[in-house]
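Work through the two exercises below with the model open. Try each task before you read its solution.

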Amino acid sequence: MIHQPGAFVSAAAAASTRRVLLSGLRPSNPLPPLTVRLLHGRLLRLDILADLSQFLLRALSSSGLHLHALSLHSLFPDPPHLTLPFALKSASRLPNPLPVGEQLHARSLKLPSHSNPHVLTSLLNLYAKCGLLDHAREVFDEMRCPNTVSWTALIAAYMNAGRDREAVAAARDAFASGVRLDSFTAVRVLTACARVVDLDTGEAVWMAAEREGIATSVFVATAAVDLYVKCGEMAKAREVFDKMPEKDAVAWGAMVGGYASNGHPQEALELFFAMQAQGVRPDCYTVAGALSACTRLGALDLGRQAVGVVNGDEFLDNPILGTVLINMYTKCGSTGEAWVLFQQMRKKDVIVWNTMVLGLGMTGHGKTAFALVGQMEKSGVKLNDNTFIGILCSCAHTGLVKDGRRYFRNMIQLYHIIPRIEHYGCMVDMLSRAGLLQEAHQLINDMPMQANAVVWGALLGGCKIHGDTELAEHVLKQLILLEPRNSGNYVMLSNIYSKSSRWEDAAKLRLDMKAKGVEKIRAYSWVELSGKVHEFCVGDKSHALMDQIYKKLDELGMEMKNMGYKPTTDVVMFDVEDEEKEQTLVHHSEKLAIAFCLLSTPPGEAIRVTKNLRVCTDCHTAIKLISKIAHREIIIRDNNRFHCFIDGCCSCNDYW
């Protein structure tokens, strides 16, 4: 038998084409689109398209040639079941996938391969992509025995549609049916559980992951860390984190952000700097978590260090980072730095603008905040409900009642924004501070929703400022119903009684607190110095420099008395002699912190103190004098607002 040379060439060409085509079927390494087109032409010339059409269809789909793939599939008179999933995948990538998807679905119904789980899972994904979750569920229910991939597709479909509770319910059904967990499913379900704060289901999934040997995956372990973080279980999150054999920037970021959001700012910063020591470069979300921790601590210098690990342009071009940094600067009392950053930012969304407006208002720059709102509108940024919270907060902190009323009215009538409880809270706060207590009380009664503890608390604060004990007693009854364990409400009323010399009533209130097991929150203040946070509380003697601190306070006390200072003893809630009251006031935590800073920082350097409770009247008066004596700018951030003391004056104009 004599073989023609062309036959050998043709066979060799066919084998070569087949090898190239098969090499490009791996999803991780698809062939370039031009190469696939050329292969299609070669298959036609060699007359071997029929033998390799399934592989060509997969290559076309994997290379993004979706219309080409669908055109090829339509030529199959009786398409094999393996081709339908790839055709459906290509259809789902089209701008409008539903018409082609429905045609493929109708065609599949006529084929014996319709019940194939790969085909049905592909149909499920297509309908989910179109937002037709009910159709997707119907397709899923057609499966006689769904596999892990099918269950995961259903769970992912619910999650992508924001229906996380249904995703968790589907996961429970999957495990109840005996489906084995793989790493991809575990990540999905743990994420869904984190979103809905379902610790029980999430922990069950994590334990299953450990049994299946997939818990060491950095993706699965990070999802478990995120679950525990979202559920407030930081000890468990840290345990998972510490056991991870490898940690990427996302895992580190989950822990840093978790500590910051769960009230552990010092741990967040320790981990943030440990991350860098191990050579892991933080992403923008990790930096945002670190800056949030600095904000909580009032640690401006540590915040500046955190900023230093990121390219400065990222803050200018990334609204998320820019917002967090503006927030940190304003809440650390450095409004100037916040303003410079805001002006330099190249990308500003409405959240950036709102953060700057609120920051200006909280630091006593109400008129500037109003001007910024005007600039905001001129720039084409639409004011939203949060913008007006910032504006009304500015009015409350600066006593601009007339402006506040006007903005509240305009918000409803001109901007057609329905007030939320936060807007009413700002209005009640503004009216209460201004002494318009009956108007504030009437506003609470007229609100379309039930007032919460924040709203009633604002009215109680006004009662304290203006000494209205009768209304304060009524407000406290409402607060006790809402927050029976909050000691701050009892303390506020007790201070009102003390201010009116109603010592017996104050004593009864303390006994009532004791009988109910309500303990007073300890007041403490802290400062950051050289990257370390120093904490102080009343009568504290634990600090290494405490003897010098008390001596410094005595010296300041003498100078203040020479300037006419008299302690405001009515803020001490106990019925004791004035001399003993004065001694109690001298050692308030913010005064200890200021004395420490005067001893430990160079002359002229600004002092920044953060306090967990509200600054008392006596401390406010004393710190004004200390700022004049020491020639220092002293910035105090309490749980209510900022006070910037310079040369005997405060930015709040004694209005707080």
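A cavity is a set of grid points where a 1.4 Å probe fits but cannot get out. The model you see is predicted.

**Exercise 1. The cavity**

Task: Find how many cavities of 30 Å³ or more the structure holds. Then describe the lining of the largest cavity.

Solution: 

Step 1. Count. The structure holds 1 cavity of 30 Å³ or more.

Step 2. Give its size. The volume of the largest cavity is about 50 Å³.

Step 3. List the lining. G298, K331, C332 and G333 are among the residues that line the largest cavity. The lining also includes R608, V609 and T610. I635, I636, R637 and F642 belong to it too.

Step 4. Look for strands. At least two lining residues come from β3 (607–611), and at least two from β4 (634–637).

Step 5. The lining has 5 nonpolar, 3 polar and 3 charged residues.

**Exercise 2. A helix pair**

Task: Work out how α22 and α23 are arranged relative to each other. Then say which residues meet.

Solution: 

Step 1. Take the axes. Helix α22 spans residues 350–362, and helix α23 spans residues 366–378. Their axes come within 7 Å and cross at roughly 160 degrees.

Step 2. Apply the cut-off. Angles over 145 degrees count as roughly antiparallel. Therefore α22 and α23 are roughly antiparallel to each other.

Step 3. The crossing of α22 and α23 is left-handed.

Step 4. Name the contacts. From α22 come V350, W353, N354, M356, V357, L360 and G361. They meet G366, T368, A369, L372, V373, Q375 and M376 in α23.

Step 5. Sort these residues. The contact of α22 with α23 has 9 nonpolar and 5 polar residues, and no charged ones.

Terms used:
Residues are numbered from 1 along each chain as its sequence is written. This is a predicted model: local features need pLDDT of at least 70, side-chain atom pairs count only at pLDDT 80 or more; totals for chains, interfaces and linings use all residues. Side-chain values use heavy atoms; hydrogens and water are left out. On a 1 Å grid over the protein atoms alone, a cavity is a set of points where a 1.4 Å probe fits but cannot get out, and a pocket is an open set with protein on both sides within 12 Å along at least five of seven lines; lining residues have an atom within 4 Å of a point. Grid points are joined across faces, edges and corners, and a volume is the space filled by probe spheres set on the points. Helices (H or I, at least four residues) and strands (E, at least two) are DSSP runs, numbered from the N terminus. Ala, Val, Leu, Ile, Met, Phe, Trp, Tyr, Cys and Pro count as nonpolar, Asp, Glu, Lys and Arg as charged, and the others, Gly among them, as polar. Axes are lines fitted to C-alpha atoms, for helices over the stretch in contact, and angles run from 0 to 180 degrees between N-to-C directions. Angles under 35 degrees count as roughly parallel, over 145 as roughly antiparallel, 65 to 115 as roughly perpendicular and the rest as oblique. A crossing is left-handed if the near helix is turned anticlockwise from the far one by less than a right angle, and right-handed if clockwise. Contact means heavy atoms within 4.5 Å.
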